[in-house]
Protein chains: 2
Amino acid sequence: MKFNNQSRKECINMTYQFSTRVPASDEDPVGNILKVAGSPDIISFAGGLPAPELFPVDALKKVTNEVYDESGRQALQYSAAIGDPALRTQIVKRMAKQGVDTTIDNVMISTGSQQSIDLTAKMFINPGDTVIVEKPTYLCALDVFRSYGAHIVGVEMDEDGMKMDDLEKAVAENPNTKFIYTIPNFQNPTGRTMSAERRRRMIQIVDQYDIMILEDDPYGAIRFAGDDIAPIKFYDDQDRVIYLSTFSKILAPGLRLGWIVAEQSLMKKFTLMKQSADVHSDNLTQHIVARFMAEYDIDDHINKIKRVYRKRENVMMTAIEADFPKGVNYSHPEGGLFIWVEVPGNIDTQELFNTCIKHNVAFVPGEPFYPDAVTPGTFRLNFSNMSEEQIKTGIKRLGSAIKETISESVSEVSEN
Amino acid sequence: MKFNNQSRKECINMTYQFSTRVPASDEDPVGNILKVAGSPDIISFAGGLPAPELFPVDALKKVTNEVYDESGRQALQYSAAIGDPALRTQIVKRMAKQGVDTTIDNVMISTGSQQSIDLTAKMFINPGDTVIVEKPTYLCALDVFRSYGAHIVGVEMDEDGMKMDDLEKAVAENPNTKFIYTIPNFQNPTGRTMSAERRRRMIQIVDQYDIMILEDDPYGAIRFAGDDIAPIKFYDDQDRVIYLSTFSKILAPGLRLGWIVAEQSLMKKFTLMKQSADVHSDNLTQHIVARFMAEYDIDDHINKIKRVYRKRENVMMTAIEADFPKGVNYSHPEGGLFIWVEVPGNIDTQELFNTCIKHNVAFVPGEPFYPDAVTPGTFRLNFSNMSEEQIKTGIKRLGSAIKETISESVSEVSEN
């Protein structure tokens, strides 16, 4: 085909009129950080990537060939919005292991947890409605809630997760609260886990105030120390908890497959929203993962991940203890991918980041994780995606950069 | 892991408070029709499925193995929201064949055209903004526009697509119009194609009134008769056209991969919206399709599809001419998957559908495709997913059902 458009003019700079859901700025501070951190000389603890050397490539290849041979045409065709029944059956079995009795009619497949968060937000948030979140929390969830016009209220955490007195106060003060968004296990960015007692208390609060919980659990399966704690969904007698999880951390994030567990009347709405969003998730990939779970014990695979991540986390903790200056606080996660660091004093985190880049080491500054007032001197470290050697070297560099920044900050204070 | 929750009570029936974006009814009329039409005795022209016997399963299997062997870990890892560069490079080449010069920085991969429509709607529509559409049009686009609070205005079509005088009137009467949504080639549901002259005229109108066009082109490549017409995007001097297409009809819909071509400042926003929606589309599948396009000539594959669909459409047209009563109108598509039928007189389409089910044949009634006033007696026939034998038998049954419904309707009129 060949077309000519002789009248083609120079482009006029069109001014687009976006909806209020679109951020005014094209700035992507975290994207910029990841770009800087991506330089080959830099040891980056900034990303949140699972270790690719652990992806079960051979097993996935094997089951993919079986899918092509046995149900290729079906896997390549359109499918139902709620997702592949074989995959949903496997998820019901996984949920049972966590103490959550459910059925395939209560499970919908999504294109990863990000989509699960987006669909839930679209489904519940009218502009001005309140969403309560941990402070700090997953920054891309904040983006989604903002895009639907939510009023976001952050609740302080300690090592046992969200503080329940603060939570109840926030709920009481915001009668238009739609739901509490929480990552109870090895939270992003803090690595903290909510205690069983607080999970029970959170259920009492939502029952009393007639609101919902969005329980986002991408990391719960990656527990390498301590005892399992049942999901909040386990304590949910009134169907107020929408539970989300994903294959991103336990199998492979490139596949973009997650799941939602919720009450059946909610499932009808989720299916309608999903249909409008992308009809259904990749059907070939759903078939592949269903078959992987039928033929292999995914917990064997997860145990491999845990062993590696536990070692990396231990190496990182030991290095932090040795190389960070006294007074720096950090979380002690029993699983997941992240450690949270708080440097005391009024440290400018961006300045610390810049110093780190000079020392060829990187992290994600705390700022984008905060829904409102930012705690200075905070940042997130990832331990899943670096070798033990790199972790040792990187933390040494980070320790030097922190010391340098603190001493400069002290000298600035004395000069003033 | 084993948990016990002794205090577990009977579930209380929770009343959920949804956002205004959620349809109040759980009814899914089209879903119900497809369910009825799915009975094994029924010849169904209701769906919109590509012919699965044409999916290039062996070629896809071959390139999938190559992806696992050569870049498996990369394909299984997180990736960029805008999509795989190799796949975007292939799309730039395809667009060039259609006369659209673009770059990979102007192309974003989506999880199918449905997501492209959803992201565009979220990006542009504030509640109350007008979206102008063809009447009738793709029903799931209507669902999306409604979910963001759009005021939808339908413009009448004839065999050359949207009537331009009516379009200009609609634009002039609705100064808050954000964009025109159009499917210019082998439109769903009518099978009609917009003439080149009208495409040029549409560009003049949007330039004059300072609005946008969302050009949805899933079927354009499946032209089996007549001459190609350049996309509206080809005439777009002021970057007002957002062009969408998909691999669903030319390769396989189960893969859920589509693309968006737009001006680069728009791409920044699309990338932000995409990140919030599902981070990125399935990376494994993007690698597979990129490799398929690099190793195979996808146009060879599309030519196979065209040959089969042309024969099926010809068989359907011949059968319609033979078996439908005089006076029934129908479109004469030169490509795509659908024929549109208009039975004259004030026929109740649902009654006709019920009669058809008794005759073991099915279609999709026109109603859900209309944004406002419905033309009675209209319905959509799909010819891509049935054998020639089934088409002949099905159309004969359909002819009988129409005759029966018309004669009953006439006798009812005479009785009154």
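How many residue pairs are in polar contact between domain 1 of chain A and domain 2 of chain A? The count is nine, with both residues at pLDDT 80 or more. A polar contact is a pair of N or O atoms within 3.5 Å; within protein, one must be able to donate a hydrogen and the other to accept it, and residues adjacent in sequence count only if both atoms are side-chain atoms.

The model is predicted: local features need pLDDT of at least 70, side-chain atom pairs count only at pLDDT 80 or more, and totals for chains, interfaces and linings use all residues. Residues are numbered from 1 along each chain as its sequence is written, chains are lettered from A and ligands numbered from 1 in the order written, and side-chain values use heavy atoms, without hydrogens and water.

Domain 1 of chain A covers 29–55 + 300–409, and domain 2 covers 57–295. These bounds come from an automatic or database domain assignment. Three salt bridges are counted between the two domains. A salt bridge is a side-chain nitrogen of Lys or Arg within 4 Å of a carboxyl oxygen of Asp or Glu. A:Glu342 pairs in this way with A:Arg192, at 3.8 Å between the closest N and O atoms.

Chain A also meets chain B. Each chain gives 99 residues to the contact (heavy atoms within 4.5 Å). Six salt bridges cross this interface. B:Lys61 and A:Asp69 form a salt bridge, with N to O at 2.8 Å.
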